[in-house]
Amino acid sequence: MSKLPIADHALISDCHSAALVTRDGSIDWLCWPRFDSPSVFARILDDDGGHWSIGPVNPATSSRRYLDRTMVLETTFTSDSGSAVLVDALAVGPNERGHELGAGSPNALIRHLTGVSGEVEMEMSFAPRGEYGLLSPLLSRTPQGLTVRAGADVLALISAVELDASGPQAVARFTVKEGDDLWFCLHYASTSEAFPSPWTLPETMQRLKQTITAWQTWSDLHQAYDGPWHDLVHHSGRVLQALTFHPTGAIVAAPTTSLPEEIGGERNWDYRYAWVRDASLTLQALWVAACPDEAQDFFAYMVRAAAAQLQGGAELQIMFGIGGEHDLSERVLPHLSGWRDSAPVRVGNGAWNQRQLDVYGELLDAAHRLAEPLGSFDEDTQRFLVNVAEAAASRWMESDQGIWEVRGDPQPFLYSKLMCWVAMDRAIELADRLNAADRVDGWKKTRDQIATAILERGWSEPAQAFGQAFGSEELDASSLMIPIVGFLPGDDPRVVSTIAAIAERLTDERGLVFRYKSHDGLEGEEGTFLLCTFWLAQAQALAGQVSDARETFERAAAFITDVGLLAEEVDPSTGELLGNFPQAFSHIGLVNAAWAISQAELAEPTRA
């Protein structure tokens, strides 16, 4: 089983797929040619899942960083005998700049090893395993390295060192001396494609330079935020871009599947899809940490993916494949043991056909955020958004599975009602742009009904807080969204009391926030959620509690890895990172909380 901490992995991306690289120089996760394709390397989920490692034979320390303003990884190995630097990148298309970053993907992984001082004995192990580790490949020698055939995949490895490839794994031992310059490149194609000619050494060198330049020009064009924690915000923007499937604009929740919420537990899900619930918060984060172009691309993807729904009374799906696919049926991969024996390993996601009423508000809030830069909506989008509003108006009283996708009985979750209120509120604001002025009176009436229900049935006197569901005394971190979406002002006494209750009773000893503590239909426990902790910071900022907000932000930010990545959760007993990694929602929470705190600090002299 894979024993390395989740935090020991770094992300590289070509905006089509992503790889995870360990601290000791091993590619332990890579799906080609898309984020949601079967893996080529999956050792993070099983020792036999496949890997490609390049690292020192003898004990050595390693330090890592991303090259300036990029998602190109540099790892420095230092041993008693010398030091060497390994640079890893998923290549992007040639001459891509700015908004074009990720427009084309050559499906190539470049690894560049340089001797810095002395000499270091190195070992390379190349063990691809197709279809999530199910297939042992056929390796064939070529003058430049190897070709690999496994099921539907064909790979070509260009290697600067000679490999021993007598079985399904190729190995090599070699010494890197000061001044040595070694290049490796892995090319991918499917068996249905004409395999491209592997790059020559000059082409490989040029492609790495172009990839670095592409990321830097994207960063220079997009990242103007200069408030508190600007380095973290800028890096989070690059992470969100790295999790973007450029051909459609979709942003995956994470590039991995089945990294657990509890070690040894069953809460292991596939996050390589795009959730509607993330839409409005994602757009806000992209606005701060990227630019409107990426926000518009993501919104357009969501509308395209969902446009055929809501016909004949159908419900809006909560998530889609990165190409807009609807059927995300879940299955188990029994041949994989899971990270630290946390089985089952799943692909697909069974929540795809759940009922979640919050999605209506999230889509309309996203449209509202983009209304000014877009200027107008086409007739199809107008019709769709009106149908979204009407669906929220007709269904808001119903029970559902809620934002957290509980697999127990449906409930009247407060957050779902809140987002139906958002749907009405934003639809009213957008009515002229939607050519729907005749519906405003009805929408206002429904908005008032939802607001009354939330205030009367959502507030819990015993808890002195808004509850998880109507009539419930259980706390839920999603109640922090009440001031964030503008339902009540941040300094409303009920909001302030809810913030205090969550900070006191829904946190661990580190001050990190749980989603909830009520039973959710699954066995086992889960960690604290970094997104929810950033929500607390954001709500505190909106309440004028700026000092508390800064402290809460810093508590969550303390769990950023050495290369600036955030997981989904933190183990409350050990402090270890848990869940699929890196987690887009955690980085979105960081960006939005930093922005809220920056705005609150600007307003402080006014309040004084």
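**Notebook: two helix pairs**

I looked up the pair α8 and α9 to begin with: Leu414, Lys417, Leu418, Cys420, Trp421, Met424, Asp425, Ala427 and Ile428 of α8 meet Val440, Trp443, Lys444, Thr446, Arg447, Ile450, Ala451, Ile454 and Gly458 of α9. I sorted the residues of this contact by class and noted 12 nonpolar, 2 polar and 4 charged. I record here that the model is predicted.

I then turned to the geometry of this pair. Helix α8 spans residues 414-430 and helix α9 spans residues 440-458. Their axes come within 9 Å and cross at roughly 155°. Angles over 145 degrees count as roughly antiparallel, and α8 and α9 are therefore roughly antiparallel to each other. For the handedness, I noted that α8 passes α9 in a left-handed crossing.

Next I examined the pair α12 and α13. I located helix α12 at residues 530-542 and helix α13 at residues 546-557. The two axes cross at roughly 165° and come within 7 Å. The crossing of α12 past α13 is left-handed.

I listed the residues that make this contact. From α12 they are Leu530, Thr533, Phe534, Leu536, Ala537, Gln540 and Ala541. From α13 they are Val546, Asp548, Ala549, Thr552, Phe553, Ala556 and Ala557. By class, I noted that the contact of α12 with α13 divides into 10 nonpolar, 3 polar and 1 charged.

Terms used:
Residues are numbered from 1 along each chain as its sequence is written. This is a predicted model: local features need pLDDT of at least 70, side-chain atom pairs count only at pLDDT 80 or more; totals for chains, interfaces and linings use all residues. Side-chain values use heavy atoms; hydrogens and water are left out. Axes are lines fitted to C-alpha atoms, for helices over the stretch in contact, and angles run from 0 to 180 degrees between N-to-C directions. Helices (H or I, at least four residues) and strands (E, at least two) are DSSP runs, numbered from the N terminus. A crossing is left-handed if the near helix is turned anticlockwise from the far one by less than a right angle, and right-handed if clockwise. Contact means heavy atoms within 4.5 Å. Ala, Val, Leu, Ile, Met, Phe, Trp, Tyr, Cys and Pro count as nonpolar, Asp, Glu, Lys and Arg as charged, and the others, Gly among them, as polar. Angles under 35 degrees count as roughly parallel, over 145 as roughly antiparallel, 65 to 115 as roughly perpendicular and the rest as oblique.
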